[in-house]
Amino acid sequence: MTANPMRVGIGYDVHAFGERRPLLLGGVEIPYERGLVGHSDADVLAHALMDAIVGGLREGDIGRLFPDTDPALAGISSVELLRQVGVLMRARGFELIDADTVVVLERPKLAPYRDRMRAVMAEALGVEMEQIGVKATTTERLGFTGREEGVAAYAVVLLERASVEQEAASGQTAE
Ligand code: MG
């Protein structure tokens, strides 16, 4: 039986608001009175996208790849981690076909920064901006996002196994 060339992945992440700044989402600094707290730079959107890719690769989750107990990862740029996940994806013989994401928060409004987030995350993954969707929603003031205690993000990805010829051309091999 031929292995299915397509994979889907879903990712989810949450970070709490705290005193730390800046607010970083999708690798973009968003002017706001608060930021998110976490072991890395707490970029909840980049984390959700990474988690989706790692899920599609069946490599567990980003907590396994990048443990929050690793001192080397303290404060690390999530865009750099996203770039590393892209390298892992290609090493496993997969390409990113498409991704979509949702950031869940009451404030601030993200529309002015959305295309920049798409561009930054696409560049980290070595894909086109059109392959990465970013949108935002509120929860009508309900739940922890509605109370502005934190931000949640969801991501879905579609991955495709590169053909043998493509892998040979790129000099990379699947396991
Ligand atoms: Mg996270």
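How are the donor residues of the magnesium ion spaced in sequence? The spacing is D-x1-H-x31-H. This is a predicted model, where local features need pLDDT of at least 70, side-chain atom pairs count only at pLDDT 80 or more, and totals for chains, interfaces and linings use all residues. Residues are numbered from 1 along each chain as its sequence is written, and side-chain values use heavy atoms, leaving out hydrogens and water.

**The magnesium site**

- Asp13 (OD), His15 (NE2) and His47 (ND1) are the protein donors, at 2.1 to 2.2 Å from the magnesium ion.
- Donors are N, O and S atoms within 2.8 Å of the metal (3.2 Å for Na, K and Ca); water is not among the atoms, so sites may look incomplete.
- Asp13 and His15 are both buried. Buried means under 20% relative accessible area, exposed over 50%, and partly exposed in between (1.4 Å probe, protein chains only).
- His47 is buried too, at a relative accessible area of 7%.
- His47 sits in helix H1, residues 44–56.
- Beyond its neighbours within four places in sequence, His47 has contacts that include Asp13, His15, Ala42 and Ser78. Contact means heavy atoms within 4.5 Å.

**The chain as a whole**

- The protein chain has 6 helices and 7 strands. Helices (H or I, at least four residues) and strands (E, at least two) are DSSP runs, numbered from the N terminus.
- Along the sequence, their order is β-β-β-β-α-α-α-β-α-β-α-β-α.
- The radius of gyration is 16 Å, which agrees with the value near 16 Å for a compact globule of 175 residues. This radius is taken over C-alpha atoms, and the globule rule is 2.2 Å times the number of residues to the power 0.38.
- Of the 175 residues, 47% are buried.
- Among contacts with a separation of 6 or more, 72% join residues 24 or more positions apart.

- Most residues other than glycine have a negative phi, and most peptide bonds are trans.
- Ala42 is not a glycine, yet its phi is positive, about 65°. Ala42 lies in the loop between strand S4 (35–36) and H1, and is buried at 1% relative accessible area.
- Arg141 also has a positive phi, near 65°. Arg141 is exposed, at 52% relative accessibility.
- The peptide bond from Arg21 to Pro22 is cis, with omega near 0°. Pro22 is in the loop between strands S1 (6–18) and S2 (23–25).
- Another cis bond runs from Arg107 to Pro108, with omega near -5°.
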